[in-house]
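Student: I have a model open and would like to learn how to read its features. Where do we begin?

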Amino acid sequence: MGAEIAPLSTSIMMITYFGDVVFAVSGALTAARYRMDVLGFVLIGTITGIGGGTLRDLLLGRTVWWTQNPLELILCMVAALATFLVIRSHISYRKGMIWADALGLSAFGVVGCHIALEFGAPFVIAVFMGMVTATGGGIIRDVLTNTQPMITSGQLYATAALLGSLTYAGLRHFGAPEIPTELGSVLAAFVLRALAITLDIRMGPPGEFIRFGKHQNGQSGGRGSSS
């Protein structure tokens with residue numbers, strides 16, 4: 001049986017709840033693109049919200065947190081259902097999903113790293129678990145909806161999550177105050193991801209380290225993200 005779950009600080013819990021909501025919304029907006037019914041919205045939204053943290057806990061051998069306290073599970077379900085109820089046909093589902101996903105990615109990179117460090121994981125493992133937490137739900141969302149996973153299409157996606165996680169672990173290692181460390185790390189990840197979205201920054205293939213803007217095949221970063 002997994003280890004007991006230690007309580008999180010108020011600030012980390014607030015970041016976690018924020019990440020739950022925006023990731024659930026990103027999943028629900030993906031469901032909207034494929035014209036799913038209400039159950040599809042709730043399923044895809046909820047899995048997107050809790051998927052990355054579930055993978056993290058399983059890899060760490062830690063009790064999956066929502067099996068002990070379903071509050072976040074319910075929060076994701078409510079956020080997805082609310083999206084279903086308020087969404088209109090004229091909204092740009094893809095654009096909204098990308099920005100909601102960017103916010104969730106930035107929040108969960110820090111949350112995942114924090115939880116791994118509190119669990120006793122070494123520095124490198126904690127940074128990696130931050131990235132897993134940030135990207136796992138989005139990967140599951142894209143696979144279930146038969147969408148090209150954001151993490152495989154070239155833009156700075158996992159890289160942004162890694163930056164936030166590494167920034168948090170590094171600042172914490174050097175004794176920086178906790179709340180500024182959390183907020184600064186979330187901001188670092190979001191700024192990098194936002195730049196990747198707006199400028200269509202992608203990691204290139206062998207021989208071309210990085211690309212900016214539209215490419216020869218006419219595809220731009222609005223289609224998907226990541227590396």
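**Reading the model**

Tutor: Just after helix H4, Gly120 takes a positive phi of about 100 degrees. Helices (H or I, at least four residues) and strands (E, at least two) are DSSP runs, numbered from the N terminus. This is a predicted model, in which local features need pLDDT of at least 70 and side-chain atom pairs count only at pLDDT 80 or more, while totals for chains, interfaces and linings use all residues. Residues are numbered from 1 along each chain as its sequence is written, and side-chain values use heavy atoms, with hydrogens and water left out.

Student: How many residues does H4 have, and what span does it reach?

Tutor: The expected span of a helix is 1.5 Å times one less than its number of residues. H4 covers residues 93-119, 27 residues in total, and its first and last C-alpha atoms are 37 Å apart, close to the expected 39 Å.

Student: Is H4 enclosed or open to the outside?

Tutor: Buried means under 20% relative accessible area, exposed means over 50%, and partly exposed lies in between (1.4 Å probe, protein chains only). In H4, 21 of the 27 residues are buried, so the helix is largely enclosed by the rest of the structure. Across the protein chain, 49% of the 227 residues count as buried.

Student: Which side chains make polar contacts with that of Gln155?

Tutor: A polar contact is a pair of N or O atoms within 3.5 Å; within protein, one must be able to donate a hydrogen and the other to accept it, and residues adjacent in sequence count only if both atoms are side-chain atoms. The Gln155 side chain makes such contacts with the side chains of Arg193 at 3.3 Å and Asp200 at 3.2 Å. Gln155 lies in the loop between helix H5 (123-144) and helix H6 (158-173), yet is buried, with a relative accessible area of 0%.
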